[in-house]
Amino acid sequence: MALTFMIGVESGTDFPFNDFTYIFDVLPSKLPVIGGIMSTAFAIPFYAEWTNISLSLILAAIGFNYIISFIRKIKTKYIIGIVLILIMSFASWQYFNGTLYPSQHTGSFPGNSISLEGYYYPLNPPPQWVRVMNILSTSNAGVAYVGEGGFSEKWTNYQFISLSPPLMPGYATISPPHITYVNQTPLAYDIAGIKYLFIDNTSYIPLSNSFIYSYLNNSGLKVVYAKADVYLLEQPNASVFREAKMGIYFSPTNETILFKAECLLYPLLNYTPAIISPEKTNNTVTMLLNPSIVNENYMSLFNDSRNITIIQGSYIINHEGNISRETILSEKVITVKPRTIIIPEKLNLSDFVSVPINFSFNQLMAEFEVNSSSSYIVETSLPLPYGGIVVNNGKILGLNGLGQYIFTSNGKLTISIKQGFITDLLITAVDIFFYVLFIYFIIYKSFFNGKIVEVINNAIIRISRLKSYKQT
């Protein structure tokens with residue numbers, strides 16, 4: 001049961017086959033009494049996972065002892081035992097520290113994520129909730145789950161989800177940059193690669209009606225599903241991998257300034273954000289913050305009101321959506337306001353347009369294959385481990401102020417997680433080891449040696465003796 005439960009937990013976060021996930025996560029949740037513990041991965045009680053881990057460790061200890069008992073030399077016993085433990089520990093390391101296979105972290109809602117009715121309380125999710133989860137389960141896009149750090153659902157008595165549910169196998173959901181107004185949501189989600197916003201208002205702590213109304217009517221997101229306090233909204237243009245022919249080099253960089261620049265470029269780029277590179281390349285244009293002199297060699301962004309000298313040339317001036325084109329015949333001084341961006345008109349803005357690109361993920365190799373164009377700049381909003389990836393057919397430029405990886409591509413870009421293959425291989429080997437122990441001890445040693453049959457026969461004999469005693 002411990003092994004089966006572990007499969008149920010991992011299938012919701014790691015396993016690439018949807019059918020497998022459905023069989024081990026969804027179907028068992030419909031069973032009476034035991035349905036709760038084998039529920040969907042998002043509703044599994046936190047401490048039940050630790051209970052399962054403890055059972056697995058006990059089984060491992062039995063297996064280690066059984067293997068070592070065949071060895072007579074004490075030194076050899078110690079060496080083999082230590083090696084086995086190290087292999088097990090290394091295989092579990094990535095899972096527990098969240099680098100590759102993050103365990104489900106939960107918050108402090110009623111029962112501290114444990115069912116108020118006990119671990120084995122059966123689930124009865126409302127059909128509208130199941131409908132949304134089915135939509136999300138077929139997509140590898142980013143999802144934002146609205147709530148106070150998580151939900152304790154009335155229909156489960158479980159902690160439903162934490163701040164960072166899985167984005168895709170082994171990865172936590174990304175977060176959008178800070179926004180001031182609800183109508184900035186489409187841009188923020190586009191930048192962050194978040195395609196879906198899931199509002200589930202069936203928790204113990206309900207959301208305000210004004211909050212829900214503002215997102216349904218004023219956020220600019222497309223309403224995909226809305227029924228009985230469950231809402232799914234979509235930003236169709238969002239993708240976790242994007243490419244552009246040209247990017248913007250920004251110095252200094254920080255999230256507030258970058259988001260402001262994206263926001264001002266937004267209408268000029270046909271509602272598609274630019275890619276902002278942390279490094280100056282042949283494919284980037286310099287953007288300056290608060291320059292005193294403006295010319296046609298760079299873009300300019302202003303944080304406050306000031307007088308500037310603008311050199312002869314043609315420019316596009318955008319002040320918070322008020323876009324104008326101006327030709328300066330001779331050098332002159334003009335006054336700019338906060339949140340103004342000045343762009344040389346000679347620049348081809350279409351080169352900055354960022355478009356979604358296809359990618360695939362190889363679970364065993366922990367590797368992404370991105371179908372990018374040669375000599376283009378590529379960005380990803382996936383929270384890849386800093387310093388923990390290897391790139392082929394391209395180059396890492398670094399992280400921009402939004403914390404996103406930026407690459408240059410020579411064509412088909414390959415991004416691998418360091419030690420990802422070794423970790424997957426060890427986890428697979430450990431799982432096989434557990435299965436072998438299970439089959440040997442429970443099936444072969446117990447059943448085929450007649451121990452289980454003997455126990456059943458003894459029980460039948462005792463019951464028959466009790467019956468005969470009562471009759472006499």
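Reply: The covering of the buried residues of α6 includes β1 (142-146), β4 (194-200), α7 (209-218), β7 (241-244) and α8. Please keep in mind that this is a predicted model.

Me: How many of the residues of α6 are buried, and which are they?

Reply: A residue counts as buried when its relative accessible area is under 20%. In α6, eight of eight residues are buried, and the helix is mostly covered. They are Thr185, Pro186, Leu187, Ala188, Tyr189, Asp190, Ile191 and Ala192.

Me: At what angle do α6 and α8 pack, and how far apart are their axes?

Reply: One reads such a pair from the angle, the distance between the axes, and the residues in contact. Helix α6 (residues 185-192) packs with helix α8 (residues 255-265) at an angle of about 115°, and the axes are 11 Å apart. The crossing of the two helices, α6 and α8, is right-handed. On the side of α6, Leu187, Ala188 and Ile191 take part, and they meet Phe259, Glu262 and Cys263 in α8.

Me: Where does Asp229 lie, and what is its phi?

Reply: Asp229 is not a glycine, yet it has a positive phi of about 70°. It lies in the loop between β5 (222-227) and β6 (230-234). With a relative accessible area of 34%, Asp229 is partly exposed. Ser375 is another residue other than glycine with a positive phi, near 65°. Its place is the loop between β20 (367-371) and β21 (377-380), and its relative accessible area of 49% makes it partly exposed.

Me: Which residues does Tyr376 touch, leaving aside those up to four places away in sequence?

Reply: Tyr376 also lies in the loop between β20 and β21, and it is partly exposed at a relative accessible area of 25%. Leaving aside residues up to four places away in sequence, Tyr376 touches Glu243, Ala244, Lys245, Phe407, Thr408 and Ser409. The C-alpha atoms of Tyr376 and Thr408 are separated by 6.0 Å, although these residues are 32 apart along the chain.

Me: What share of contacts in the whole protein joins residues at least 24 apart?

Reply: Counting contacts between residues at least 6 apart in sequence, 69% join residues at least 24 apart. The protein has ten helices and 23 strands. Of its 472 residues, 47% count as buried. The accessible surface comes to about 23,700 Å², and 59% of it belongs to carbon and sulfur atoms.

Me: Which residues make the nonpolar surface patch?

Reply: Leu364, Met365, Phe421, Ile422 and Leu425 make a nonpolar surface patch of about 420 Å². Among them, Ile422 is in helix α9 (residues 420-448). Its relative accessibility is 44%, so Ile422 counts as partly exposed.

Me: How many salt bridges are counted?

Reply: The test is a side-chain nitrogen of Lys or Arg within 4 Å of a carboxyl oxygen of Asp or Glu. By this rule there are eight salt bridges. One of the pairs is Asp304 with Arg306, whose closest N and O atoms are 3.1 Å apart. Asp304 is partly exposed at 33% relative accessibility, and Arg306 is partly exposed with a relative accessible area of 28%.

Me: Which parts of the chain do Glu320 and Arg339 link?

Reply: The side chains of Glu320 and Arg339 meet in a salt bridge at 2.9 Å, N to O. This pair links distant parts of the chain, 19 residues apart: Glu320 is in the loop between β14 (313-319) and β15 (322-328), and Arg339 is in the loop between β16 (332-336) and β17 (340-344). Glu320 is partly exposed, with a relative accessible area of 47%, and Arg339 is partly exposed at 23% relative accessibility.

Me: Why does the pair of Glu345 and Arg325 tie together parts that are 20 residues apart in sequence?

Reply: Glu345 forms a salt bridge with Arg325, with the closest N and O atoms 3.0 Å apart. Glu345 lies in the loop between β17 and β18 (355-356), whereas Arg325 lies in strand β15, so the pair ties together parts 20 residues apart in sequence. Glu345 is partly exposed, with a relative accessible area of 33%, whereas Arg325 counts as exposed at 55% relative accessibility.

Notes: Residues numbered from 1 in each chain as written. Predicted model: local features only at pLDDT ≥ 70, side-chain atom pairs only at ≥ 80, totals over all residues. Heavy atoms only, no water. Patch = residues over 30% accessible without salt bridge, like charges linked within 9 Å, V, L, I, M, F, W, Y side chains within 5 Å. Areas by Shrake-Rupley, 256 points an atom, 1.4 Å probe, with all protein chains shown as cover. Helix = DSSP H or I, 4+ residues; strand = E, 2+ residues; numbered from the N terminus. Buried < 20%, exposed > 50% of the residue type's maximum accessible area, 1.4 Å probe, protein only. Axes fitted to C-alpha atoms, helices over the stretch in contact; angles between N-to-C directions. Left-handed = near helix turned anticlockwise from the far one by under 90°. Contact = heavy atoms within 4.5 Å.
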